[in-house]
Each structure stands twice: as structure tokens, then as C-alpha cells.
Amino acid sequence: MGGGRRETHVDYTKEKRPWAYPLAVLIFALVLLSPILYYHAPQYYGSPDIQYVKAKVLSVSNGDLFGDPVTGRPNFHPPYYHLFLSLFTRLGVDIDILLFLVSVINVCALLVLAYFVLAVRFEKRTAFICALMLPFIIQYMGPDNIALATAFYFSIPFFLGGLFFYLQPEPSPWRPVATAVLWGCAFLISPVYVFLIGFTFAYESFVKRAYRRFAILTLVFLTTITPFFIQMHAVRVAGMADTSTFALWRGIPDGAWFKALGGSFLFPSDGNRRILPMIPAVIIVILGILGAVRKRSAGAFPLIAALAYLFTAYHFSLQYAIRVQFFLSIFLAAGAIEYLGWRKIKRVAAISLASVCIILGSYEHFVQTNEWIDNREAHLAEYQSFGAGFWANMGKYLTPGQYVVVTAATYRYFIMPYFPAHALVAYKSGDYYQINEALADSMGNDYNAMMASADIETIERYCRKYGMRTAVMHVRYEQKYPVFQTIAADWTLVYEDEYFRIYQWPDSAVQFNP
């Protein structure tokens, strides 16, 4: 902000206090994380995303790198974040502690790297203010949850690191290599970057005509993502190539599609459809565009990100486009702050806009974090008491990689995050990391039919189809299910506590010793 001068490159070796702003951003991140740091929470035991992360880590640890932990079928969900986590869980690190540490490190890295990226193109004060605005940007102009320890959030620091090297104005033979390696890692962790990276490479070739730089970027990137091609081959060989939500052609976009796109852009998170934060968000977009047109501080990247957002929304889904929107939003925010800072009379407006965003974003994340903690304190003890005996004994009766007769709720909360067994509770086709729609529907129909059946022959026919020889029932909530009433009468009870019962077919059952 301030004046008309713009710093296009920061030489940190010549500054008197080169780490003042980054250190201040890091301190802000730690303050933002203080509830999580104090309580060592949240542990996210109720989050479907984290349940899947835990299940995938178990699956990878069990030797199934490309398989979906719910169904066992190969799919396109990248396993490399989970492979990284499994290295630590094999050393005895508790998965909840590991995810807590990942959350803390991710938030700190995200804010600090965002500052360094923006400081390449904007004034340092602008970059600093925008780094403090990131909680607002993520909450209301991006994917919503800054502290969620999923693969996408783990990938952001890799992409920002590559972007930092890419945006440097001085030519260097090693910077394209560093960019391509970091972007390759980001893509392996979360393929949502495919258009963001692809359009950047195309810009180097067709617009800048930097053919040597383009060749280095492309060659190193493709080499880095070699594991992706191996996974693609494995998925195609298994006949599961249509598990991705990617579609080359979805028809010509109509008014409904553009209406949905506009709604998603203004309200990326369905849980944050409020007018108050929308007002500064819209102001940021408008002023950011004006700043990009008049000053062009950010170069071509905002346009590249905007195109990537549109193509991701069309070819993948609006849900994935929101993740790309975050990278566009941080540059729009920087452009808006710098645009207001051209003249002294506008500094008050810039400071006011930034202050509102910083306060709103920080407050929302504090509230959100405390809600997680309250939920954890209120329910975690009960949840752990429910599962303690079952978790201690399920390894005796469940077989890794085998399907289990179990309800969706019991599987997702009590088996999926803790043991590498499968169930007929596949996600529908909206999630690219699951199975294709036809197979999901088929398994869903079989699940519903089996759960409603009281005929032992029908039940055991489905069990033979999927190789199920064990049933798990939650005593408090599931005794009235016809399937469990029939199984209780015909199968052998091998484990029982206050909350759970485990049954096995008589011909393979382990005798129950109460």
C-alpha cells in the first residue's frame, strides 16, 4: 500500500529486517491456532474427510496403495499423502497426534508461503496484510476449513512453494526445476491443480514463447508425476477408469450452470451463506480486478487462475473449482489492497477493508475451532467408551481386506478409521476417489436389500457374493434390523460387550468365550 511505487522483487539479503513480516505472519498463525495448540484438538473423529484419511492410511499400511479403503477397488484417489502419514504411524505415532501436527504445520506454512508469494509481485505491506486476511479468504472466498488435515490442504504449501519460484523475475536455470518438482508433488497429492498447472505451462509456451523454460517445466513435471501414470494404468486395468468425476464433455453450459457457478463463487461454502462477509468479499473481487487491469502487479497468474477455475468447474465439479478459487482470491485480495493504496486518501479504505476481513476471518476460525473442541469434549469420551472393547478385540475376528456385514454408521465411525476391512457403503459418484456410479448403485441396492431381509438364504447369498463371513452389530441401535435378528438366530456369536456384538458363519466361526 502507500504511494505508487511497487516492489517487483524482494532481495531479502539487503533488508535490515528481512524476516520481520514473515515472523509476524507466523506469530499470527500460531495465535489463530492457539485453541488447537492448547487443547491438542480437534481430533475430527466425526469428520467424514478425516475418517477417510485414517482409513486410507490403514489401507496403504496394509499394502493396498491404489485401493479404495471402503470397497477395495482401485481408483484415482491419490495415496501419497497417506503413504507419507503411514511412515510415521508405522513408527508408532498415533494418527490423531499426527493429524494434529499436520494441521498446525499446514496453517503456518500456508500463511507464511502466501506472504512470500505475494511479496514477489506486490509491496511487502500488501503481502503482509493479505497473509493476515487468509483466514477470511479461505472461509469466504475458498474451501472453508483452514485446519482440516486432508490431502488438499497438505498439497497447498507445495503449490505455493512452486509458485514462489515461478513468479521470480530473474531468470535462473534451477527455478523452473524447483517449480516443476514442487508442482508435481502438489499434483500427486491432489490432482485439482491440473488446469492451474496446465494453463501456466501453456502460457509459457504460447504467450511468452519461453520454449526452453516450457520444456524444462514440462519434462520435470511429467517425470515427477510418473507414479500418477502407474496408478492410472492400474485403475484402467481393473476396469475402474470411470471412477473420476472428470468429464471431457458435459454439453454446452446453460443458464442453470452459470447460475450455480455464480452462487458457488459468491458463497464457496454452503455453511457460510451470510450477507455480512459477502460484502467485503465482493468488494475484494471488484477492486482486485480493477487493480489487476490498472497496475498489473500480479502479472498473468490471476487470469490463468480464473481460467483454471472455470475449466475445473466444468470438467470436474464446482466443489473442486472452489479449491482453485482460493489461489485466485489471494491475488485479488492483494490487488484490491494495493489498488486502494495508490493515494493517501484511499489508505483509510484499504485499512478498513483489511481490518474487517482480518477480524471476521480470525473470529470465524476461533468460533469454528471452539465448536470442534466443544463437540469433542461433549462426545469424545462417550464415543471412546462405546468403541474401546470392540477396537481392542476386532482384530481377532475381522480379516483385513474382507467385507463385513455392518451398517453404514457403524462402519464409518467404528471400523473404517481403525481397521482395513470393507463394507457395502460406497460413496456415490460425487466423490472422485470412490467407485463409479453403476457399481456404487449396485452395491447400494444390495446393501439396502440385505439390511431389510429376514431370510437367511437371501442374506447368505449376498454374503457369498462379497465374501462376507463376519457381521458387526451395534447393540443399542441396530438390534431391530431384520438382517441382524436373523443373523443372531443362525450365526455364531464370537464377541459381545455392552455396545457391540460380532457374529460369524458357523462353519468358520471362532467359538465365543465370554
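1. A cavity here is a set of grid points, over the protein atoms alone, where a 1.4 Å probe fits but cannot get out. With that in mind, welcome to this predicted model. By this rule, three cavities of 30 Å³ or more are counted. The largest cavity has a volume of about 60 Å³, and ten residues line it. The closest to its centre are Gly 288, Ala 292, Ala 298, Phe 331 and Gly 335. Helix H13 (275–294) and helix H15 (318–340) each give at least two residues to this lining.

2. Now a step back to the whole chain. The protein chain holds 21 helices and three strands. Of its 514 residues, 57% are buried. Among contacts in the chain with a separation of 6 or more, 73% are between residues 24 or more positions apart.

3. H5 covers residues 95–121, and at 1.5 Å a residue its 27 residues should span 39 Å. The C-alpha atoms at its ends are 39 Å apart, so expectation and model agree.

4. How much of H5 is buried? The count is 21 of its 27 residues, so the helix is largely enclosed by the rest of the structure.

5. Next, the nonpolar cores. The largest one has 111 residues, and those with the most contacts inside it are Tyr 81, Met 133, Phe 159, Tyr 193, Ile 284 and Phe 331. H5 gives the most to this core, with 18 residues. Another core, of 53 residues, lies apart from it and includes Leu 398, Val 406, Ile 415 and Met 473. As background, nonpolar side chains tend to be buried together in soluble globular proteins.

6. Ile 284 deserves a look of its own. Which residues does Ile 284 touch, leaving aside those up to four places away in sequence? They are Met 133, Phe 136, Met 141, Leu 332, Ala 333, Ala 336, Leu 353 and Cys 357. Met 133 is also listed among the residues with the most contacts inside the largest core.

7. Ile 337 is found in helix H15. Is Ile 337 buried or exposed? Its relative accessible area is 0%, and because buried means under 20%, Ile 337 counts as buried. Leu 287 is 50 residues away from Ile 337 along the chain, yet their C-alpha atoms are separated by 8.0 Å.

8. Thr 226 belongs to helix H11, which runs over residues 226–237. At 36% relative accessibility, Thr 226 is partly exposed, because that class lies between the 20% and 50% limits. Its side chain reaches the backbone oxygen of Thr 223 at 2.7 Å. Thr 226 and Leu 188 are 38 residues apart in sequence, with 9.1 Å between their C-alpha atoms.

9. Finally, a point about backbone geometry. Arg 209 sits in the loop between helix H9 (194–207) and helix H10 (211–224). The phi of Arg 209 is near 55°, a positive value in a residue other than glycine. For context, most residues other than glycine have a negative phi. Arg 209 has a relative accessibility of 58%, so it counts as exposed.

Methods
Residues are numbered from 1 along each chain as its sequence is written. This is a predicted model: local features need pLDDT of at least 70, side-chain atom pairs count only at pLDDT 80 or more; totals for chains, interfaces and linings use all residues. Side-chain values use heavy atoms; hydrogens and water are left out. Helices (H or I, at least four residues) and strands (E, at least two) are DSSP runs, numbered from the N terminus. The expected span of a helix is 1.5 Å times one less than its number of residues. Buried means under 20% relative accessible area, exposed over 50%, partly exposed in between (1.4 Å probe, protein chains only). A nonpolar core is a set of buried Ala, Val, Leu, Ile, Met, Phe, Trp, Tyr and Cys residues joined through side-chain atoms within 4.5 Å. Contact means heavy atoms within 4.5 Å. On a 1 Å grid over the protein atoms alone, a cavity is a set of points where a 1.4 Å probe fits but cannot get out, and a pocket is an open set with protein on both sides within 12 Å along at least five of seven lines; lining residues have an atom within 4 Å of a point. Grid points are joined across faces, edges and corners, and a volume is the space filled by probe spheres set on the points. A polar contact is a pair of N or O atoms within 3.5 Å; within protein, one must be able to donate a hydrogen and the other to accept it, and residues adjacent in sequence count only if both atoms are side-chain atoms.
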